[in-house]
Amino acid sequence: THTGTFSVATLLFTGNLSDEECEASFVPSVVEETRKEEPQLISCQVINGTYYGKNGGVVSEEKYLEQCFSYKCAVIDDKYYFDNNGASVSYDAYMSACSSKPENPDTGIEYGLFIVPIGAAAIYTILKISKKNSKIFKI
């Protein structure tokens, strides 16, 4: 079922309805409905080499990448650099924002300095003791 209003055809009257000539013919005529097309927002698309940004405006390739993707600490096509906030920046700004090593939060002892020597000494001691106490019994 269809609800609402629509037109299938328009009847076109041709003829004369005077008292003398009482002749009429109705011919269906196809109605072409003209609908108003709502403009579509073209956002974050590349159409025929033209870049459209987040708001649908024409933008550069760099702005397109910045607005439409979430690149963080990334290098795209060896020419666009994105910092840790996703903004397009220069190479120097990219390096200062993204190439730093995580800092030590100074929460305590550097365990690596103690674990390696203690572990080596423990392995050495275990090997020495196990060689002294290993006897082969023949029956």
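Is Tyr81 buried or exposed? Tyr81 is buried, with a relative accessible area of 18%; buried here means under 20%, exposed means over 50%, and partly exposed is what falls in between, using a 1.4 Å probe and protein chains only.

## What you're looking at

This is a predicted model, in which local features need pLDDT of at least 70, side-chain atom pairs count only at pLDDT 80 or more, and totals for chains, interfaces and linings use all residues. Residues are numbered from 1 along each chain as its sequence is written, and side-chain values use heavy atoms, with hydrogens and water left out.

## The overall layout

The chain has eight strands and three helices, running in the order β-β-β-β-β-α-β-β-β-α-α. Both kinds of element are DSSP runs numbered from the N terminus: helices are H or I with at least four residues, strands are E with at least two.

Of the 139 residues in the chain, 9% are buried. The accessible surface is about 12,600 Å², and carbon and sulfur atoms account for 55% of that; the areas come from the Shrake-Rupley method with a 1.4 Å probe, and for residues only the protein chains shown count as cover. As for contacts (heavy atoms within 4.5 Å), take those between residues at least 6 apart in sequence: 4% of them join residues at least 24 apart.

## The largest core

Six residues make up the largest nonpolar core: Tyr64, Leu65, Ala74, Ile76, Tyr80 and Phe82. At least two core residues come from each of helix H1 (61–68), strand S6 (74–76) and strand S7 (80–82). A nonpolar core is a set of buried Ala, Val, Leu, Ile, Met, Phe, Trp, Tyr and Cys residues joined through side-chain atoms within 4.5 Å. In soluble globular proteins, nonpolar side chains tend to be buried together.

Leu65 is a handy place to start clicking. Setting aside neighbours within four places in sequence, Leu65 touches Tyr71, Ile76, Tyr80 and Phe82.

Most residues other than glycine have a negative phi. Asp77 has a positive phi near 55°, and Asp78 also has a positive one, about 55°, without being a glycine. Asp77 sits in the loop between S6 and S7, and Asp78 is in the loop between S6 and S7 too. Asp77 is exposed, at 53% relative accessible area, and Asp78 counts as exposed at 69%.

## Aromatic rings

There are six aromatic pairs. Rings of Phe, Tyr and Trp (its six-membered ring) pair if their centres lie within 6.5 Å; planes under 30 degrees apart are stacked, over 60 edge-to-face, and the rest tilted. Tyr81 and Tyr91 make an edge-to-face pair, at 5.3 Å centre to centre with 70° between the planes. That pair links distant parts of the chain, with Tyr81 in strand S7 and Tyr91 in helix H2 (residues 91–98), ten residues apart. Tyr91 counts as partly exposed at 43% relative accessibility, whereas Tyr81 is buried.

There's also an aromatic cluster made of Tyr51, Tyr64, Phe69, Tyr71 and Phe82.

## A look at Tyr52

Tyr52 is in strand S4 (residues 50–52) and counts as buried at 17% relative accessibility. Leaving out neighbours within four places in sequence, its contacts include Ile42, Cys44, Ile47, Val58, Val59, Tyr64 and Cys68.
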